[in-house]
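Hi,

Here is the structure I promised to pass on. Have a look at it first, and my notes on what turned up follow below.

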Amino acid sequence: MVVIRRAGRRKCALRPVDFPAPAPTSRGMPVSSAYRPDPRHPSLGPAFFDVVDAARFPESAIRFRNDRAAATIGLDGLTDAEWIAHFARFEPLPDNIPKPLALRYHGHQFRHYNPDLGDGRGFLYAQMREAGTDRLLDFSTKGSGRTPWSRSGDGRLTLKGGVREVLATELLEALGVSTSRSFSLIETGEALERNDEPSPTRSAVLTRLSYSHLRIGLFQRLAAHEETEALRRLIDYAIEIYYPDAAAAPDPVVALYDSVVGAVARLGAEWTAAGFVHGVLNTDNIVITGESFDYGPWRFLPLFEPGFTAAYFDETGLYAYGRQLDALGWNLARLAECLLPFTTLKPLQASLETFFARAVRETALATHRRLLLSAEDEAAAMERNTLFYTAMRETKPPFERVFFDLMGGAKVGRIVASPIAETYEAPVWAEAIAALRAAPALPGAAAALSSTYARRLEPTTMLIDRVEGVWAPIAEQDDWRALEAAIKEIRSFGAFYQAALGAA
(Lines give C-alpha, C1' and ligand atoms only; values in the text may rest on other atoms or scores of the structure.)
Protein backbone atom coordinates (compact mmCIF):
# COMPACT_ATOMS: atom_id res chain seq x y z
CA MET A 1 0.00 0.00 0.00
CA VAL A 2 1.27 3.47 -0.86
CA VAL A 3 0.88 5.89 2.04
CA ILE A 4 0.24 9.62 1.78
CA ARG A 5 2.27 11.86 4.04
CA ARG A 6 2.14 15.58 4.51
CA ALA A 7 4.46 17.42 2.15
CA GLY A 8 7.37 19.33 3.61
CA ARG A 9 7.12 23.11 3.45
CA ARG A 10 9.72 25.35 1.87
CA LYS A 11 9.38 29.10 1.75
CA CYS A 12 10.31 30.98 -1.40
CA ALA A 13 9.20 34.42 -2.54
CA LEU A 14 7.60 34.51 -5.96
CA ARG A 15 9.23 36.68 -8.59
CA PRO A 16 7.04 39.17 -10.45
CA VAL A 17 6.32 38.28 -14.08
CA ASP A 18 4.54 40.31 -16.73
CA PHE A 19 1.11 38.85 -17.46
CA PRO A 20 0.93 38.03 -21.20
CA ALA A 21 -2.08 38.85 -23.35
CA PRO A 22 -3.06 36.75 -26.39
CA ALA A 23 -0.99 37.34 -29.50
CA PRO A 24 -2.63 39.38 -32.27
CA THR A 25 -3.62 37.51 -35.40
CA SER A 26 -0.65 37.01 -37.75
CA ARG A 27 -1.26 38.30 -41.24
CA GLY A 28 -0.95 35.97 -44.17
CA MET A 29 -0.87 32.72 -42.18
CA PRO A 30 -3.22 30.12 -43.69
CA VAL A 31 -5.44 28.80 -40.93
CA SER A 32 -8.55 26.74 -41.46
CA SER A 33 -11.77 26.63 -39.47
CA ALA A 34 -10.18 23.77 -37.51
CA TYR A 35 -7.76 26.24 -35.94
CA ARG A 36 -9.33 27.38 -32.67
CA PRO A 37 -6.87 29.10 -30.36
CA ASP A 38 -7.66 28.96 -26.66
CA PRO A 39 -4.70 30.18 -24.58
CA ARG A 40 -5.83 29.24 -21.07
CA HIS A 41 -2.61 28.68 -19.10
CA PRO A 42 -1.68 32.40 -18.90
CA SER A 43 -4.86 32.96 -16.88
CA LEU A 44 -3.28 31.10 -13.96
CA GLY A 45 -1.01 34.08 -13.43
CA PRO A 46 2.69 34.76 -12.99
CA ALA A 47 3.24 32.31 -10.14
CA PHE A 48 3.18 29.51 -12.67
CA PHE A 49 5.69 30.46 -15.37
CA ASP A 50 8.43 32.73 -16.63
CA VAL A 51 8.08 34.58 -19.94
CA VAL A 52 11.10 33.63 -22.08
CA ASP A 53 12.58 34.01 -25.55
CA ALA A 54 13.33 31.11 -27.87
CA ALA A 55 16.94 30.49 -28.87
CA ARG A 56 18.14 31.84 -32.20
CA PHE A 57 19.32 28.93 -34.29
CA PRO A 58 21.87 29.24 -37.13
CA GLU A 59 19.92 26.82 -39.38
CA SER A 60 16.42 25.42 -39.72
CA ALA A 61 15.86 22.18 -41.64
CA ILE A 62 12.55 20.33 -41.25
CA ARG A 63 13.25 16.68 -40.45
CA PHE A 64 9.76 15.60 -39.34
CA ARG A 65 6.45 17.34 -39.94
CA ASN A 66 3.33 15.71 -38.54
CA ASP A 67 0.68 16.87 -40.99
CA ARG A 68 -1.71 14.22 -39.72
CA ALA A 69 -1.74 15.90 -36.31
CA ALA A 70 -1.64 19.36 -37.88
CA ALA A 71 -4.91 18.62 -39.71
CA THR A 72 -6.71 18.20 -36.36
CA ILE A 73 -5.83 21.78 -35.35
CA GLY A 74 -6.02 23.55 -38.70
CA LEU A 75 -2.28 23.98 -39.32
CA ASP A 76 -1.74 21.46 -42.11
CA GLY A 77 -1.89 24.24 -44.70
CA LEU A 78 1.33 25.88 -43.52
CA THR A 79 4.12 26.15 -46.06
CA ASP A 80 7.55 24.91 -44.99
CA ALA A 81 8.67 28.51 -44.50
CA GLU A 82 5.67 29.21 -42.25
CA TRP A 83 6.29 25.96 -40.40
CA ILE A 84 9.86 27.05 -39.67
CA ALA A 85 8.68 30.49 -38.59
CA HIS A 86 6.42 28.96 -35.96
CA PHE A 87 8.32 25.84 -34.91
CA ALA A 88 11.95 26.97 -35.19
CA ARG A 89 11.74 30.72 -34.52
CA PHE A 90 8.52 30.36 -32.50
CA GLU A 91 6.78 33.38 -33.88
CA PRO A 92 3.38 33.46 -32.12
CA LEU A 93 0.45 31.66 -33.64
CA PRO A 94 -2.64 33.80 -34.36
CA ASP A 95 -4.57 34.89 -31.27
CA ASN A 96 -2.45 32.70 -29.07
CA ILE A 97 0.22 33.04 -26.38
CA PRO A 98 2.38 36.04 -27.41
CA LYS A 99 5.66 34.85 -25.88
CA PRO A 100 6.73 31.38 -24.70
CA LEU A 101 6.17 30.41 -21.06
CA ALA A 102 8.75 28.32 -19.19
CA LEU A 103 6.68 26.47 -16.60
CA ARG A 104 7.73 26.28 -12.96
CA TYR A 105 7.61 23.06 -10.96
CA HIS A 106 9.47 20.91 -8.45
CA GLY A 107 9.69 17.13 -8.32
CA HIS A 108 10.99 13.95 -6.81
CA GLN A 109 13.79 12.58 -9.00
CA PHE A 110 14.39 8.93 -8.14
CA ARG A 111 12.53 9.79 -4.92
CA HIS A 112 14.83 12.65 -3.94
CA TYR A 113 13.07 16.00 -3.76
CA ASN A 114 14.48 18.67 -6.09
CA PRO A 115 13.21 22.26 -5.68
CA ASP A 116 15.34 23.56 -8.57
CA LEU A 117 13.40 22.15 -11.50
CA GLY A 118 11.29 23.84 -14.17
CA ASP A 119 11.29 24.01 -17.96
CA GLY A 120 15.03 24.18 -18.53
CA ARG A 121 15.08 23.51 -22.27
CA GLY A 122 11.46 23.87 -23.24
CA PHE A 123 8.38 26.02 -22.86
CA LEU A 124 4.65 26.21 -23.46
CA TYR A 125 4.22 27.81 -26.87
CA ALA A 126 0.49 27.76 -27.66
CA GLN A 127 -2.86 26.19 -26.76
CA MET A 128 -5.81 25.35 -28.98
CA ARG A 129 -8.85 23.09 -29.29
CA GLU A 130 -8.68 19.77 -31.12
CA ALA A 131 -11.18 19.20 -33.92
CA GLY A 132 -13.53 16.32 -33.19
CA THR A 133 -12.85 16.10 -29.45
CA ASP A 134 -12.86 19.78 -28.42
CA ARG A 135 -10.10 18.93 -25.95
CA LEU A 136 -7.51 21.57 -25.10
CA LEU A 137 -4.11 20.87 -26.64
CA ASP A 138 -0.77 22.25 -25.52
CA PHE A 139 2.17 22.95 -27.83
CA SER A 140 5.38 22.46 -25.87
CA THR A 141 9.00 22.27 -26.88
CA LYS A 142 12.24 20.46 -26.16
CA GLY A 143 15.58 21.99 -27.09
CA SER A 144 14.26 25.52 -27.61
CA GLY A 145 16.95 27.28 -25.55
CA ARG A 146 17.94 28.28 -22.06
CA THR A 147 15.43 29.50 -19.48
CA PRO A 148 15.71 30.61 -15.84
CA TRP A 149 15.46 26.89 -14.99
CA SER A 150 18.29 25.59 -17.20
CA ARG A 151 20.82 25.54 -14.35
CA SER A 152 24.07 24.32 -15.99
CA GLY A 153 22.37 22.98 -19.10
CA ASP A 154 22.60 24.50 -22.57
CA GLY A 155 18.85 24.28 -23.24
CA ARG A 156 19.42 22.21 -26.38
CA LEU A 157 18.31 18.82 -27.70
CA THR A 158 20.42 16.44 -29.74
CA LEU A 159 19.07 15.47 -33.13
CA LYS A 160 19.34 11.83 -32.12
CA GLY A 161 17.24 12.53 -29.03
CA GLY A 162 14.61 14.14 -31.24
CA VAL A 163 14.57 11.20 -33.64
CA ARG A 164 14.21 8.80 -30.72
CA GLU A 165 11.23 10.76 -29.38
CA VAL A 166 9.54 10.73 -32.78
CA LEU A 167 9.93 6.94 -32.97
CA ALA A 168 8.64 6.42 -29.42
CA THR A 169 5.57 8.58 -29.80
CA GLU A 170 4.66 7.19 -33.21
CA LEU A 171 4.71 3.57 -32.04
CA LEU A 172 3.01 4.28 -28.72
CA GLU A 173 0.23 6.12 -30.54
CA ALA A 174 -0.12 3.18 -32.92
CA LEU A 175 -0.39 0.83 -29.94
CA GLY A 176 -3.17 2.90 -28.41
CA VAL A 177 -1.11 4.26 -25.50
CA SER A 178 -2.07 7.69 -24.15
CA THR A 179 0.91 9.68 -25.32
CA SER A 180 2.07 13.09 -26.43
CA ARG A 181 2.55 13.37 -30.19
CA SER A 182 5.72 14.56 -31.86
CA PHE A 183 4.56 17.44 -34.01
CA SER A 184 7.73 18.89 -35.48
CA LEU A 185 11.45 18.12 -35.49
CA ILE A 186 13.74 20.76 -36.95
CA GLU A 187 17.51 20.44 -37.16
CA THR A 188 19.13 23.64 -35.93
CA GLY A 189 22.75 23.54 -37.10
CA GLU A 190 24.59 23.60 -33.77
CA ALA A 191 27.29 21.21 -32.55
CA LEU A 192 26.53 19.92 -29.05
CA GLU A 193 28.81 18.27 -26.51
CA ARG A 194 27.26 15.33 -24.68
CA ASN A 195 28.67 12.68 -22.37
CA ASP A 196 26.28 9.92 -23.42
CA GLU A 197 26.88 9.97 -27.19
CA PRO A 198 29.71 10.75 -29.60
CA SER A 199 30.38 14.51 -29.64
CA PRO A 200 30.11 16.99 -31.11
CA THR A 201 26.64 15.89 -32.16
CA ARG A 202 23.89 17.52 -34.18
CA SER A 203 21.15 19.63 -32.61
CA ALA A 204 17.39 19.94 -33.05
CA VAL A 205 14.27 21.50 -31.60
CA LEU A 206 11.21 19.32 -31.03
CA THR A 207 7.62 20.49 -30.70
CA ARG A 208 5.07 18.13 -29.19
CA LEU A 209 1.30 18.14 -28.79
CA SER A 210 -0.17 17.06 -25.45
CA TYR A 211 -3.50 17.36 -23.71
CA SER A 212 -1.94 18.76 -20.55
CA HIS A 213 1.31 19.85 -18.94
CA LEU A 214 -0.02 20.05 -15.39
CA ARG A 215 2.61 17.91 -13.72
CA ILE A 216 2.47 16.53 -10.20
CA GLY A 217 5.64 18.57 -9.67
CA LEU A 218 3.71 21.78 -10.31
CA PHE A 219 1.39 21.01 -7.40
CA GLN A 220 4.44 20.10 -5.30
CA ARG A 221 6.09 23.44 -5.96
CA LEU A 222 3.12 25.46 -4.79
CA ALA A 223 2.65 23.23 -1.73
CA ALA A 224 6.33 23.53 -0.81
CA HIS A 225 6.16 27.33 -1.09
CA GLU A 226 2.93 27.39 0.91
CA GLU A 227 1.28 29.30 -1.92
CA THR A 228 -2.18 28.14 -0.87
CA GLU A 229 -4.12 30.64 -2.95
CA ALA A 230 -2.19 29.74 -6.12
CA LEU A 231 -2.60 26.02 -5.39
CA ARG A 232 -6.36 26.50 -5.00
CA ARG A 233 -6.39 28.31 -8.34
CA LEU A 234 -4.52 25.43 -9.95
CA ILE A 235 -6.99 22.90 -8.57
CA ASP A 236 -9.96 24.89 -9.86
CA TYR A 237 -8.27 25.23 -13.26
CA ALA A 238 -7.62 21.48 -13.41
CA ILE A 239 -11.26 20.74 -12.66
CA GLU A 240 -12.57 23.29 -15.13
CA ILE A 241 -10.32 22.28 -18.05
CA TYR A 242 -9.67 18.57 -17.55
CA TYR A 243 -12.20 17.05 -15.16
CA PRO A 244 -15.35 19.23 -15.20
CA ASP A 245 -17.54 16.44 -13.79
CA ALA A 246 -15.63 16.76 -10.52
CA ALA A 247 -17.17 20.19 -9.94
CA ALA A 248 -20.56 18.62 -9.17
CA ALA A 249 -19.17 16.09 -6.68
CA PRO A 250 -19.70 16.51 -2.91
CA ASP A 251 -15.95 17.06 -2.59
CA PRO A 252 -14.57 18.32 -5.94
CA VAL A 253 -10.95 18.02 -4.76
CA VAL A 254 -11.34 14.34 -3.95
CA ALA A 255 -13.22 13.80 -7.20
CA LEU A 256 -10.39 15.47 -9.11
CA TYR A 257 -7.85 13.26 -7.37
CA ASP A 258 -9.85 10.12 -7.99
CA SER A 259 -10.04 10.98 -11.70
CA VAL A 260 -6.27 11.44 -11.83
CA VAL A 261 -5.75 8.11 -10.07
CA GLY A 262 -7.89 6.41 -12.71
CA ALA A 263 -6.10 8.11 -15.61
CA VAL A 264 -2.64 7.24 -14.30
CA ALA A 265 -3.69 3.64 -13.60
CA ARG A 266 -4.83 3.36 -17.21
CA LEU A 267 -1.52 4.74 -18.47
CA GLY A 268 0.47 2.24 -16.42
CA ALA A 269 -1.68 -0.57 -17.81
CA GLU A 270 -1.14 0.62 -21.36
CA TRP A 271 2.64 0.63 -20.83
CA THR A 272 2.42 -2.91 -19.45
CA ALA A 273 0.51 -4.22 -22.45
CA ALA A 274 2.81 -2.37 -24.85
CA GLY A 275 5.97 -3.72 -23.21
CA PHE A 276 7.15 -0.14 -22.79
CA VAL A 277 9.64 1.13 -20.22
CA HIS A 278 9.60 4.91 -19.80
CA GLY A 279 12.81 5.05 -17.81
CA VAL A 280 12.37 8.23 -15.73
CA LEU A 281 9.12 8.19 -13.75
CA ASN A 282 9.86 11.22 -11.59
CA THR A 283 6.94 13.28 -10.31
CA ASP A 284 7.71 16.04 -12.81
CA ASN A 285 7.16 13.53 -15.63
CA ILE A 286 3.62 12.59 -14.59
CA VAL A 287 0.74 14.80 -15.72
CA ILE A 288 -2.76 14.76 -14.29
CA THR A 289 -4.36 13.58 -17.54
CA GLY A 290 -2.41 10.32 -17.40
CA GLU A 291 -0.53 11.04 -20.60
CA SER A 292 2.91 9.65 -21.35
CA PHE A 293 5.48 12.25 -22.43
CA ASP A 294 9.12 13.34 -22.34
CA TYR A 295 10.95 10.37 -23.79
CA GLY A 296 14.59 10.11 -22.81
CA PRO A 297 16.10 6.65 -22.14
CA TRP A 298 12.95 4.73 -23.14
CA ARG A 299 12.97 1.11 -24.31
CA PHE A 300 10.54 -1.52 -25.51
CA LEU A 301 11.01 -4.97 -23.97
CA PRO A 302 13.04 -7.36 -26.12
CA LEU A 303 12.01 -10.29 -23.89
CA PHE A 304 9.47 -10.46 -21.11
CA GLU A 305 11.64 -9.45 -18.18
CA PRO A 306 10.06 -7.57 -15.25
CA GLY A 307 13.48 -6.35 -14.09
CA PHE A 308 14.36 -4.75 -17.44
CA THR A 309 15.38 -1.08 -17.10
CA ALA A 310 15.65 1.62 -19.73
CA ALA A 311 18.05 4.08 -18.11
CA TYR A 312 21.68 3.15 -17.57
CA PHE A 313 21.67 5.38 -14.48
CA ASP A 314 18.76 3.49 -12.87
CA GLU A 315 21.17 1.38 -10.86
CA THR A 316 18.59 0.00 -8.42
CA GLY A 317 15.93 -0.76 -11.03
CA LEU A 318 13.51 1.69 -9.41
CA TYR A 319 11.78 2.34 -12.73
CA ALA A 320 12.11 -1.15 -14.22
CA TYR A 321 9.28 -2.52 -16.37
CA GLY A 322 7.80 -4.56 -13.51
CA ARG A 323 8.02 -1.66 -11.04
CA GLN A 324 6.40 1.06 -13.10
CA LEU A 325 3.02 0.69 -11.42
CA ASP A 326 4.69 0.98 -8.01
CA ALA A 327 6.40 4.17 -9.18
CA LEU A 328 3.14 5.66 -10.46
CA GLY A 329 1.35 4.84 -7.21
CA TRP A 330 4.15 6.47 -5.20
CA ASN A 331 3.91 9.59 -7.34
CA LEU A 332 0.15 9.76 -6.85
CA ALA A 333 0.70 9.73 -3.10
CA ARG A 334 2.86 12.81 -3.49
CA LEU A 335 0.04 14.54 -5.37
CA ALA A 336 -2.41 13.69 -2.60
CA GLU A 337 -0.15 15.35 -0.05
CA CYS A 338 -0.42 18.60 -1.97
CA LEU A 339 -4.22 18.49 -1.81
CA LEU A 340 -4.49 18.05 1.97
CA PRO A 341 -5.06 21.78 2.71
CA PHE A 342 -8.33 21.55 0.77
CA THR A 343 -9.79 18.23 1.91
CA THR A 344 -9.17 15.42 4.40
CA LEU A 345 -6.75 12.52 4.34
CA LYS A 346 -9.19 9.62 4.57
CA PRO A 347 -10.96 9.96 1.17
CA LEU A 348 -7.66 10.66 -0.61
CA GLN A 349 -6.10 7.56 0.93
CA ALA A 350 -9.17 5.53 0.02
CA SER A 351 -8.92 6.63 -3.59
CA LEU A 352 -5.20 5.90 -3.73
CA GLU A 353 -5.78 2.42 -2.36
CA THR A 354 -7.86 1.62 -5.46
CA PHE A 355 -4.94 2.40 -7.77
CA PHE A 356 -3.44 -1.07 -8.06
CA ALA A 357 -6.81 -2.80 -8.48
CA ARG A 358 -7.67 -0.32 -11.24
CA ALA A 359 -4.30 -0.85 -12.88
CA VAL A 360 -4.71 -4.63 -12.86
CA ARG A 361 -8.17 -4.32 -14.39
CA GLU A 362 -6.97 -1.84 -17.00
CA THR A 363 -4.04 -4.12 -17.84
CA ALA A 364 -6.44 -6.95 -18.57
CA LEU A 365 -8.48 -4.67 -20.84
CA ALA A 366 -5.40 -3.30 -22.64
CA THR A 367 -3.93 -6.78 -23.09
CA HIS A 368 -7.17 -8.10 -24.55
CA ARG A 369 -7.34 -5.18 -26.97
CA ARG A 370 -3.83 -5.96 -28.11
CA LEU A 371 -4.82 -9.59 -28.66
CA LEU A 372 -8.05 -8.55 -30.46
CA LEU A 373 -10.14 -10.33 -27.82
CA SER A 374 -13.26 -9.24 -26.01
CA ALA A 375 -12.97 -8.40 -22.32
CA GLU A 376 -16.70 -7.92 -21.82
CA ASP A 377 -16.71 -10.65 -19.16
CA GLU A 378 -14.25 -8.90 -16.86
CA ALA A 379 -13.86 -11.78 -14.39
CA ALA A 380 -12.93 -14.17 -17.20
CA ALA A 381 -10.66 -11.54 -18.76
CA MET A 382 -8.80 -11.07 -15.47
CA GLU A 383 -8.30 -14.82 -15.17
CA ARG A 384 -7.01 -15.07 -18.73
CA ASN A 385 -4.71 -12.15 -18.06
CA THR A 386 -3.18 -13.88 -15.04
CA LEU A 387 -2.56 -17.05 -17.04
CA PHE A 388 -1.09 -15.10 -19.94
CA TYR A 389 1.42 -13.08 -17.90
CA THR A 390 2.33 -16.07 -15.75
CA ALA A 391 3.32 -17.93 -18.91
CA MET A 392 5.20 -14.85 -20.13
CA ARG A 393 7.09 -14.54 -16.85
CA GLU A 394 8.08 -18.19 -16.67
CA THR A 395 9.22 -18.56 -20.29
CA LYS A 396 10.52 -15.01 -21.03
CA PRO A 397 9.69 -15.02 -24.75
CA PRO A 398 10.20 -12.13 -27.21
CA PHE A 399 7.49 -9.76 -26.01
CA GLU A 400 6.04 -8.41 -29.24
CA ARG A 401 6.35 -11.79 -30.96
CA VAL A 402 3.86 -13.31 -28.51
CA PHE A 403 1.23 -10.65 -29.18
CA PHE A 404 1.76 -11.09 -32.91
CA ASP A 405 1.42 -14.87 -32.73
CA LEU A 406 -1.56 -15.01 -30.39
CA MET A 407 -3.73 -12.17 -31.69
CA GLY A 408 -7.24 -13.24 -32.48
CA GLY A 409 -7.23 -16.10 -29.99
CA ALA A 410 -4.06 -18.18 -30.35
CA LYS A 411 -4.92 -19.75 -33.69
CA VAL A 412 -3.17 -23.06 -34.32
CA GLY A 413 -1.79 -21.99 -37.69
CA ARG A 414 -0.13 -18.86 -36.33
CA ILE A 415 1.43 -20.70 -33.42
CA VAL A 416 2.82 -23.52 -35.57
CA ALA A 417 4.29 -21.03 -38.04
CA SER A 418 5.97 -18.98 -35.34
CA PRO A 419 9.76 -19.05 -34.98
CA ILE A 420 9.18 -19.53 -31.25
CA ALA A 421 6.64 -22.35 -31.66
CA GLU A 422 8.58 -24.49 -29.18
CA THR A 423 7.98 -21.89 -26.47
CA TYR A 424 4.24 -22.49 -26.68
CA GLU A 425 4.79 -26.19 -26.03
CA ALA A 426 5.81 -25.44 -22.45
CA PRO A 427 3.21 -26.75 -19.96
CA VAL A 428 2.62 -23.28 -18.52
CA TRP A 429 1.36 -22.11 -21.91
CA ALA A 430 -1.16 -24.93 -22.31
CA GLU A 431 -3.69 -23.46 -19.88
CA ALA A 432 -3.08 -19.90 -21.08
CA ILE A 433 -3.59 -20.82 -24.73
CA ALA A 434 -6.72 -22.82 -23.93
CA ALA A 435 -8.15 -19.79 -22.12
CA LEU A 436 -7.31 -17.46 -25.01
CA ARG A 437 -8.94 -19.81 -27.51
CA ALA A 438 -12.09 -19.85 -25.41
CA ALA A 439 -12.27 -16.06 -25.37
CA PRO A 440 -14.56 -14.30 -27.86
CA ALA A 441 -12.62 -12.48 -30.54
CA LEU A 442 -13.47 -8.91 -31.47
CA PRO A 443 -15.69 -8.63 -34.54
CA GLY A 444 -12.82 -7.11 -36.49
CA ALA A 445 -10.35 -9.88 -35.63
CA ALA A 446 -11.20 -12.18 -38.55
CA ALA A 447 -10.60 -9.49 -41.15
CA ALA A 448 -7.46 -8.38 -39.31
CA LEU A 449 -5.99 -11.88 -39.39
CA SER A 450 -6.35 -12.00 -43.18
CA SER A 451 -4.72 -8.59 -43.65
CA THR A 452 -1.30 -7.87 -45.10
CA TYR A 453 0.09 -7.02 -41.68
CA ALA A 454 -1.03 -10.32 -40.12
CA ARG A 455 0.68 -12.25 -42.94
CA ARG A 456 4.05 -10.64 -42.24
CA LEU A 457 6.89 -12.78 -40.93
CA GLU A 458 7.75 -10.35 -38.14
CA PRO A 459 5.75 -7.84 -36.06
CA THR A 460 6.44 -4.12 -36.05
CA THR A 461 8.83 -3.36 -33.21
CA MET A 462 11.14 -0.57 -32.12
CA LEU A 463 13.80 -2.31 -30.09
CA ILE A 464 17.07 -0.54 -29.43
CA ASP A 465 18.91 -2.20 -32.33
CA ARG A 466 16.33 -0.90 -34.76
CA VAL A 467 16.46 2.58 -33.23
CA GLU A 468 20.20 2.59 -33.77
CA GLY A 469 19.66 1.26 -37.28
CA VAL A 470 17.39 4.19 -38.07
CA TRP A 471 19.89 6.67 -36.65
CA ALA A 472 23.07 5.28 -38.22
CA PRO A 473 22.40 6.38 -41.84
CA ILE A 474 21.34 9.83 -40.60
CA ALA A 475 24.57 10.21 -38.64
CA GLU A 476 26.80 8.76 -41.33
CA GLN A 477 25.29 9.88 -44.65
CA ASP A 478 22.48 12.27 -43.70
CA ASP A 479 20.17 9.62 -45.14
CA TRP A 480 16.64 9.92 -43.74
CA ARG A 481 15.04 7.08 -45.67
CA ALA A 482 15.19 4.62 -42.76
CA LEU A 483 13.27 7.03 -40.53
CA GLU A 484 10.69 7.68 -43.23
CA ALA A 485 10.28 3.94 -43.76
CA ALA A 486 9.95 3.29 -40.03
CA ILE A 487 7.23 5.92 -39.64
CA LYS A 488 5.38 4.57 -42.67
CA GLU A 489 5.52 1.05 -41.25
CA ILE A 490 4.42 2.15 -37.79
CA ARG A 491 1.47 4.08 -39.17
CA SER A 492 0.48 1.13 -41.33
CA PHE A 493 0.51 -1.05 -38.22
CA GLY A 494 -1.53 1.58 -36.35
CA ALA A 495 -4.12 1.61 -39.14
CA PHE A 496 -4.33 -2.19 -38.98
CA TYR A 497 -4.78 -2.17 -35.23
CA GLN A 498 -7.35 0.63 -35.16
CA ALA A 499 -9.34 -0.99 -37.99
CA ALA A 500 -9.50 -4.22 -36.02
CA LEU A 501 -10.65 -2.43 -32.88
CA GLY A 502 -12.97 -0.04 -34.72
CA ALA A 503 -14.93 -2.88 -36.24
CA ALA A 504 -15.89 -4.10 -32.78
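Searching the whole structure turns up three cavities of 30 Å³ or more. A cavity here is a set of points, on a 1 Å grid over the protein atoms alone, where a 1.4 Å probe fits but cannot get out; lining residues have an atom within 4 Å of a point. Grid points are joined across faces, edges and corners, and a volume is the space filled by probe spheres set on the points.

Before going on, two notes on the source. This is a predicted model, in which local features need pLDDT of at least 70 and side-chain atom pairs count only at pLDDT 80 or more, while totals for chains, interfaces and linings use all residues. Residues are numbered from 1 along each chain as its sequence is written, and side-chain values use heavy atoms, with hydrogens and water left out.

The largest cavity holds about 80 Å³ of space. Its lining is made up of Arg370, Leu372, Glu400, Phe403, Phe404, Met407, Tyr453, Pro459, Phe493, Phe496 and Tyr497. Helix H11 (399–406) and helix H16 (481–502) are the elements that give two or more residues to that lining; helices (H or I, at least four residues) and strands (E, at least two) are DSSP runs, numbered from the N terminus. By class, the lining has nine nonpolar, no polar and two charged residues. For those classes, Ala, Val, Leu, Ile, Met, Phe, Trp, Tyr, Cys and Pro count as nonpolar, Asp, Glu, Lys and Arg as charged, and the others, Gly among them, as polar.

The second largest cavity has about 50 Å³ of space. Glu400 turns up in its lining too, alongside residues including Leu171, Ala274, Phe300 and Met462. This lining divides into seven nonpolar, two polar and one charged.

Then there is open space. The second largest pocket (an open set of points with protein on both sides within 12 Å along at least five of seven lines) contains about 530 Å³. It is lined by 29 residues, and Arg135, Ser178, Thr179, Tyr211 and Glu291 lie nearest its centre. H16 supplies the largest share of the lining, five residues. By class, this pocket has 10 nonpolar, eight polar and 11 charged lining residues.

H9 (residues 355–370) has 16 residues and should span 22 Å at 1.5 Å a residue, which agrees with its end C-alpha atoms being 22 Å apart; the expected span is 1.5 Å times one less than the number of residues.

H6 (252–274) has 23 residues and reaches 33 Å from its first C-alpha to its last. Of these, 19 are buried.

Finally, the overall picture. The protein comes to 16 helices and 12 strands. Its C-alpha atoms fill a box of roughly 65 × 60 × 45 Å, taken along the principal axes. Of its 504 residues, 59% count as buried.

Best wishes

How values were computed: Buried < 20%, exposed > 50% of the residue type's maximum accessible area, 1.4 Å probe, protein only.
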